[in-house]
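User: Please take a close look at one part of this chain, a helix and the aromatic side chains around it. I would like to know how that part is put together and what covers it.

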Amino acid sequence: MGPKTAPNGGFTAQLIQPVVGDDGKKEASIDVLSDSDEPKLDEKGASEGSVPTITPDEAAYFAFASLAPSLTKKDFPMNADKLTSLLVKHALPGQMVDFKATAFKKVGKFLADLKKRGVVKTKDQKGIVLLVGVDLLSPQFKTLLQSLNEARKSLAALDDGKKEKDGGLESPKELKIEEVFRFPPSLATVFGTDAVLPLTSLEDIVTKWCTDQGLFVDEGITVNDELCQLFFKKVPADKKKDVGELTSRDVLLERVREKLQQYHKVIAPGKKEEIRKGLPTAVSIVQEERQGGRKHVTKVQGMESFGIAGDDLAKIAQVRFNASASVTALPSKHASGVEVSIQGAVADNLRKYLVEEMKLPPAMIKVKM
């Protein structure tokens, strides 16, 4: 993160809560630093109006600064897997904590660096490094909080600029799946559009067309030649209507719905809307045993239906579950789907992550163990 400097005059401190640790002997307080009037990320930081550059090392430091004040004594001792999982949750918006991309490479070396700076206490237990305390009053931690607040302010300013550029429209904060439909060519020619729209919009288009054609009477809708050919000719005898006969709006719209082409719209945070044909495919999570149950592998398919790229999911799994992951293309003539293989029995945790963090509908995740 570069040389550390003391908090500048633009920051003020506020007493919040006791420091946490392993032995309960040391009690102190957390200094929470307020926003500065003049953001300065660090020596490499961004000036106002520019895009802040956050390195993988800084992303890890910032996540730790965000996490530390929320820890309590019951959280200690904490192993590397638990710490990594919590750091991923506390990463700055749009950032990812990936220790393989940092200079540390491993979380143990990251803790060793924080210990050298006087920020944390650790202990070695049979070769495993455990986090046992955080000194929230140390000068280095205060400086880290200052940098975190400056980074947050820079990112917020950048986000406000993007909103202004986009006409004030804000990106969705969670993934959404919407059913949408389209007239087939035979109906699009009559009703004047082949756009993919919500069902109610297409029904309104049909209703307006009937109104413009003068087909509405007190008793219902008069079937003209076009409606007869499209909806009432090649149907069972009890549903047939001849030209000049009456039908209701509900019956007509029911016939329209039977002919519509099904699509779905994927609205994911930070991404462009995607429209795909058919209904979304459920995410399949299959956990398999290997070597007589001594090892496991978790395989995932169908994440593309929800705007999640296979490479992105593999990277998340590597960081979130501290597990190796690979991406393999599925054999298909028409699709470009992939399968993500994650080493370890992580099916339940992965499902929980997809529901709670990625906001996937629980009904659209199928788990087999």
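Analyst: What follows starts with the chain as a whole, goes on to the helix and its aromatic residues, and ends with a sheet elsewhere in the chain.

The model is predicted. The chain has 369 residues, of which 39% count as buried. Its secondary structure consists of 10 helices and 15 strands. Among contacts with a separation of 6 or more, 58% are made by residues 24 or more positions apart. The accessible surface is about 20700 Å², and carbon and sulfur atoms make up 50% of that surface.

The helix in question is α1, residues 56-67. Its 12 residues should span 16 Å at 1.5 Å a residue, and the C-alpha atoms at its ends are 17 Å apart, which agrees. Helix α1 is mostly covered, with 11 of its 12 residues buried. The buried residues include Asp-57 and Glu-58 as well as Tyr-61, Phe-62 and Phe-64.

Now to the aromatic residues. The chain has eight aromatic pairs. In one of them, the ring centres of Tyr-61 and Phe-110 are 5.6 Å apart and the planes stand at 55 degrees, so this pair is tilted. Tyr-61 belongs to helix α1 and Phe-110 to helix α3 (residues 107-116), so the pair ties together parts 49 residues apart in sequence. Tyr-61 has a relative accessible area of 3%, which is under the 20% cut-off, so Tyr-61 counts as buried. For Phe-110 the relative accessible area is 0%, and this residue is buried too.

Phe-110 also pairs with Phe-99; their ring centres are 5.2 Å apart with the planes at 55 degrees, so this pair is tilted. Phe-99 sits in the loop between α2 (80-89) and α3, while Phe-110 is in helix α3, so the link joins parts 11 residues apart in sequence. Both Phe-99 and Phe-110 are buried. Tyr-61, Phe-99 and Phe-110 are members of one aromatic cluster, which also holds Phe-64, Phe-104 and Phe-141.

Elsewhere in the chain, three strands make an open sheet with antiparallel pairing, in the order β5-β9-β10. Strands β5 (176-182) and β10 (274-277) are at the edges with a single partner strand each, so one side of each has no neighbour in the sheet. On average, neighbouring strands of this sheet are turned by 30 degrees against each other, direction ignored. Strand β9 (residues 261-267) runs antiparallel to β5 and is joined to β5 by seven bridges. In β9, Gln-261 is the bridge partner of Arg-182.

Terms used: Residues are numbered from 1 along each chain as its sequence is written. This is a predicted model: local features need pLDDT of at least 70, side-chain atom pairs count only at pLDDT 80 or more; totals for chains, interfaces and linings use all residues. Side-chain values use heavy atoms; hydrogens and water are left out. Two strands pair if DSSP finds at least two bridges between them. Helices (H or I, at least four residues) and strands (E, at least two) are DSSP runs, numbered from the N terminus. Axes are lines fitted to C-alpha atoms, for helices over the stretch in contact, and angles run from 0 to 180 degrees between N-to-C directions. The expected span of a helix is 1.5 Å times one less than its number of residues. Buried means under 20% relative accessible area, exposed over 50%, partly exposed in between (1.4 Å probe, protein chains only). Contact means heavy atoms within 4.5 Å. Accessible areas come from the Shrake-Rupley method with a 1.4 Å probe; for residues, only the protein chains shown count as cover. Rings of Phe, Tyr and Trp (its six-membered ring) pair if their centres lie within 6.5 Å; planes under 30 degrees apart count as stacked, over 60 as edge-to-face and the rest as tilted.
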